[in-house]
Amino acid sequence: MARGTRIRAITPHVLMAELPEPFAYSQAWYRKRGAMLVEITTEDGIIGWGEAFGPAELTAPIVSWLAPLLLGEDALAREALWQALYNRLRDHGQRGLVIEAISALDIALWDIAGQALGLPVHRLMGGPLRTEIEAYATGFYRRDREDHLAYLTEEAEQRLSEGFRSLKLKTGWGLAEDIALTRDFRAAIGPKPGLMVDCNHAYDAVSAIAYGRAVADCGIAWFEEPVPPEDIAGYQEVRRGQPIPVAGGEASFTRWGFAELIQHRAVDILQPDVAACGGISELKKIADMASAHGMRVNPHVWGTGVALAASLHLLAVLPDNPPGLFPRPPLLELDRSPHPVRDALTAPSVLSAEGRVAVPEGPGLGITVDRDALRHFAA
Ligand code: CA
């Protein structure tokens with residue numbers, strides 16, 4: 001064992017903030033927004049940070065339950081520890097909250113390994129293939145206002161002026177309204193910006209196909225989560241029945257969950273979330289499986305600077321698909337919707353004039369977590 005890398009303490013942090021203006025996606029309204037961070041400390045005082053996607057109050061107790069399995073173990077033995085955690089709860093938690101908790105622990109172990117060796121995480125994984133990543137803007141949620149197109153257009157103008165070249169519109173407000181909104185939004189932003197749509201599985205296959213056909217001339221790069229994540233056959237029907245590439249995977253988990261999406265060619269673009277799918281270790285395995293099957297990967301990202309940094313290190317090493325002189329690199333999902341915890345916790349992500357974000361170069365994840373923010377937002 002490397003000197004001093006024995007795990008001494010594991011602390012989950014549940015953070016919560018009220019939102020100045022509530023916003024909705026197709027499944028629920030957000031009135032507050034949270035985060036669950038995991039802090040792992042080694043015997044010689046290295047501190048690693050991880051983050052779990054999903055309800056913070058529910059993932060934190062799972063981290064506490066798993067913690068005794070890790071205390072005293074070598075933090076560098078990431079692969080062995082991942083298997084120990086997963087195998088311990090395999091019969092009870094193959095997806096969802098348990099895997100989200102394991103994801104946070106795995107990310108923190110990578111942060112520790114990088115700091116112990118003095119290298120950024122992407123170099124531990126054999127990168128970088130690329131040192132900056134083109135970002136697309138996530139946001140465009142529904143607000144409790146009358147004129148939706150007005151605030152969405154204003155938000156689009158702001159993002160495009162910041163340097164973003166692609167925007168992702170939230171849909172899922174009813175088929176007729178979605179078709180009209182998509183057409184109006186495209187007309188408002190003009191033909192040049194990239195546009196994706198995401199209905200957060202608000203449709204069944206019949207409606208998703210009708211939608212995709214109705215907006216086929218709007219230049220849409222991908223149609224995200226058209227149907228519920230359990231409906232693999234529905235995903236296949238949507239792929240066959242309308243022309244827009246289909247994306248999904250933020251509600252899928254581990255190599256086994258993604259193997260199902262891959263084997264059934266359920267999507268064109270896989271979207272594993274590092275803070276949900278099983279962590280950095282598992283997302284790399286999923287990306288390699290996708291590469292072997294010729295499928296695109298654009299990770300889902302929706303958290304604080306911890307999940308964002310973990311995603312950037314992965315994006316630095318994801319294989320080009322297909323490889324060549326002019327590859328199509330994976331995109332970074334950069335959430336610009338309100339998140340007071342995110343904004344206070346780490347230094348903000350910097351977007352270049354070309355809409356790119358640099359991969360962190362410091363040891364580990366290459367981030368610093370603000371202790372005042374941890375105290376301020378503690379739930
Ligand atoms: Ca999504």
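What follows is a chat about the metal site, the domain interface and one tryptophan.

Tutor: One thing before we start: this is a predicted model.

Student: OK. Which residues are the protein donors of the calcium ion?

Tutor: Asp 198 (OD), Glu 224 (OE) and Glu 250 (OE), which lie 2.2 to 2.3 Å from the ion.

Student: And how are the donor residues spaced in sequence?

Tutor: The pattern is D-x25-E-x25-E. Asp 198 lies in strand 7 (residues 194-198) and Glu 224 in strand 8 (residues 220-224), so this pair ties together parts that are 26 residues apart in sequence.

Student: Is Asp 198 buried or exposed?

Tutor: Asp 198 is buried, and Glu 224 is buried as well.

Student: Switching to domains. How is the chain divided?

Tutor: Into domain 1 (7-118 + 371-377) and domain 2 (123-358). Their C-alpha centres are 23 Å apart.

Student: How many residues are in contact between domain 1 and domain 2?

Tutor: On the domain 1 side 42 residues, against 46 residues of domain 2. The two domains bury about 3500 Å² between them, with 68% of it on carbon and sulfur atoms.

Student: What about salt bridges, how many across the interface?

Tutor: The rule finds four salt bridges between domain 1 and domain 2. Separately, there are 19 residue pairs in polar contact between the domains.

Student: Which element gives the most to the domain 1 side?

Tutor: Strand 1, with ten residues on the side that touches domain 2. Other elements giving two or more residues there include helix 2 (78-89) and helix 3 (97-117).

Student: New topic, Trp 302. Where does it lie?

Tutor: Trp 302 is in the loop between strand 11 (296-297) and helix 11 (305-315).

Student: Why is Trp 302 called buried?

Tutor: Because its relative accessible area is 15%, and the cut-off for buried is under 20%.

Student: What does Trp 302 touch?

Tutor: Leaving out residues up to four places away in sequence, the list includes Phe 23, Tyr 30, Arg 33, Phe 53 and Asp 273.

Student: Which side chains make polar contacts with the Trp 302 side chain?

Tutor: Tyr 141 is one of them, at 3.0 Å. Asp 335 is another, at 3.4 Å.

Key:
Residues are numbered from 1 along each chain as its sequence is written. This is a predicted model: local features need pLDDT of at least 70, side-chain atom pairs count only at pLDDT 80 or more; totals for chains, interfaces and linings use all residues. Side-chain values use heavy atoms; hydrogens and water are left out. Donors are N, O and S atoms within 2.8 Å of the metal (3.2 Å for Na, K and Ca); water is not among the atoms, so sites may look incomplete. Helices (H or I, at least four residues) and strands (E, at least two) are DSSP runs, numbered from the N terminus. Buried means under 20% relative accessible area, exposed over 50%, partly exposed in between (1.4 Å probe, protein chains only). Domain bounds come from an automatic or database domain assignment. Contact means heavy atoms within 4.5 Å. Buried area is the accessible area (1.4 Å probe) that two parts lose on being put together, summed over both. A salt bridge is a side-chain nitrogen of Lys or Arg within 4 Å of a carboxyl oxygen of Asp or Glu. A polar contact is a pair of N or O atoms within 3.5 Å; within protein, one must be able to donate a hydrogen and the other to accept it, and residues adjacent in sequence count only if both atoms are side-chain atoms.
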